[in-house]
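Me: I'm new to this structure and would like a close look at one part of it. Please pick a pocket, tell me what lines it, and then walk me through the elements around it.

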Amino acid sequence: LYHADQFTSGIDYLDFYFDVSDFEADDYLLLSYLSQLLGDLPTENYSVAELQTQIDLHTGGINGGVIVFETVTGELKPYFTLRGKALEESFSKLVDLIHEIMTSTQFTDNTELLNITQRHISDFEDDINHGAHVLAAARALSQVKPVSKLGEMINGIDQFNFTKEILEKLKVKDVTELSEKLEAMLNRLLNKQRINALYIGEASRLEEVTSALTTTFDSLSSEPLGEPVIYQAGEKMNEAFVTAQDVNYVGFASDATGELAYSGSSLVLSTFLRYDYLWNNIRVKGGAYGSMFRHNLNGDFQLSSYRDPNIRKTIDAYHGIPEFIETLELDEASLLKSIIGTLSNLDQPLSAYHKGKRAFSRHQVGRTTADVIQLKEEVLATTEANLTALSERFKTVLNKGTIAVIGNKAQIEQDRDHFDEI
């Protein structure tokens, strides 16, 4: 049990993390689909309506998911999650409901499965309409980073295609095989060796919380887990996905590990690129509605454009970044503005729950408070010379990246020499 000591105004937050490091990569398709079902299907003791009533009466919601942490040394820590919250006086009921959902959910109702699956597909299609720039960048990154390939199978294009296949089977009431696979997957998760729990709340509640969890889940099996799987990135290629839109979402990604350090200077430069170079070249000159740039601690390096009339021109703009950095000239006011903007992103106010989650995430990836303080000090000490020195680093990272575009058929065909697969 992990505990984040926070004043939560009488609300208990409980997150379960089931270790799935011994699951094969293909299992994540069904794992993610399973996470969307829990809490929305009947259980041994409740119909769907009765279960929803119990959840609404006693909790602030119970939700499933799959998450993968990547440590500072590159190790992957994947978990199947189930999260809930409740008032202190309803905590035992929250634990009972989570136990009910995890141990006795029934997967035999074709109509309920069909409705949930259709809703899941509809939500993804809505993401394509409003967030395809994120999907495109994530798809490109999945071809160079194992953690991102798992992300694709959890909530990306791979998951979307898998869910559509399930939908076709459910339409012809072919539920038996799916039901058996879901039940087997859930049973595999029910092992005390897999369970990690995060409680966010006041320390005075810890003894009661520990007792409730120990008592409720004591009957689960406790078998040794298999060896952790070594996951691989997807096949490296430049891809395009045709949609019925007049605009494009141009994603680019690379693995910056060992090439471009995640440092105070790189963060300041990232801020300047977003609000100067990318804004002017992708939005103002290129006519796109917006652009995105991310460089994360684990080496993730992503660029994307939003509602973009271009493809080739945008890709050329991405590759023009090193030259812009090399010739960068900043006055003191412009540098200070970027430093302040960078620090504001590092010090955003958080709720008690999100402070607890952040502490848990840092623990999982191996990042300490001292690391964060050092990063802020590096931001404050950044000079123009620090920024221009990163030009060659950016060039190296950009030269080994991949492209993924979601967009207009005619324009994709026009620029098809950029793609290995359409």
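Reply: Happy to! The lining of the second largest pocket divides into 9 nonpolar, 12 polar and 4 charged residues. Here Ala, Val, Leu, Ile, Met, Phe, Trp, Tyr, Cys and Pro count as nonpolar, Asp, Glu, Lys and Arg as charged, and the others, Gly among them, as polar.

Before going on, please keep in mind that this is a predicted model, in which local features need pLDDT of at least 70 and side-chain atom pairs count only at pLDDT 80 or more, while totals for chains, interfaces and linings use all residues. Residues are numbered from 1 along each chain as its sequence is written, and side-chain values use heavy atoms, leaving out hydrogens and water.

Now back to the pocket. A pocket is an open set of points on a 1 Å grid over the protein atoms alone, where a 1.4 Å probe fits and protein lies on both sides within 12 Å along at least five of seven lines; lining residues have an atom within 4 Å of a point. This pocket holds about 410 Å³ of space, a volume being the space filled by probe spheres set on points that are joined across faces, edges and corners. Of its 25 lining residues, Ser35, Gln36, Gly64, His120 and Asp123 lie nearest the centre. The elements that give two or more residues to this lining are H1, helix H2 (48-58), E3, H4, H5 and H6. Helices (H or I, at least four residues) and strands (E, at least two) are DSSP runs, numbered from the N terminus. H4 supplies the largest share of the lining, 8 residues.

Let's look at H1, which spans residues 27-37 and has 9 of its 11 residues buried. Buried means under 20% relative accessible area, with a 1.4 Å probe and protein chains only. Ser35, one of the residues nearest the pocket's centre, is among the buried residues of H1. The cover over the buried residues of H1 includes E3, E4, H4 (110-142), H5 (146-155), H6 (157-171) and helix H7 (176-189). Just after H1, Gly39 takes a positive phi of about 95 degrees.

H4 also holds His133, which counts as buried because its relative accessibility is 17%. Beyond its neighbours within four places in sequence, His133 is in contact (heavy atoms within 4.5 Å) with Tyr249, Met292, Ser304, Ser305 and Tyr306.

On the strand side, Gly64 stands opposite Leu82 in E4. E3 (residues 62-70) and E4 run antiparallel and are joined by 9 bridges; two strands pair if DSSP finds at least two bridges between them. They form a hairpin with 5 residues between them, and Gly74 in the turn has a positive phi of about 95 degrees. Leu76 lies in E4 and is buried, at 18% relative accessible area. Not counting residues up to four places away in sequence, Leu76 touches Val68, Phe69, Glu70, Pro146, Val147, Leu150 and Tyr231.

E2 (residues 11-19) runs antiparallel to E4 (residues 76-87), and 9 bridges join the two.

Technical notes:
Buried < 20%, exposed > 50% of the residue type's maximum accessible area, 1.4 Å probe, protein only.
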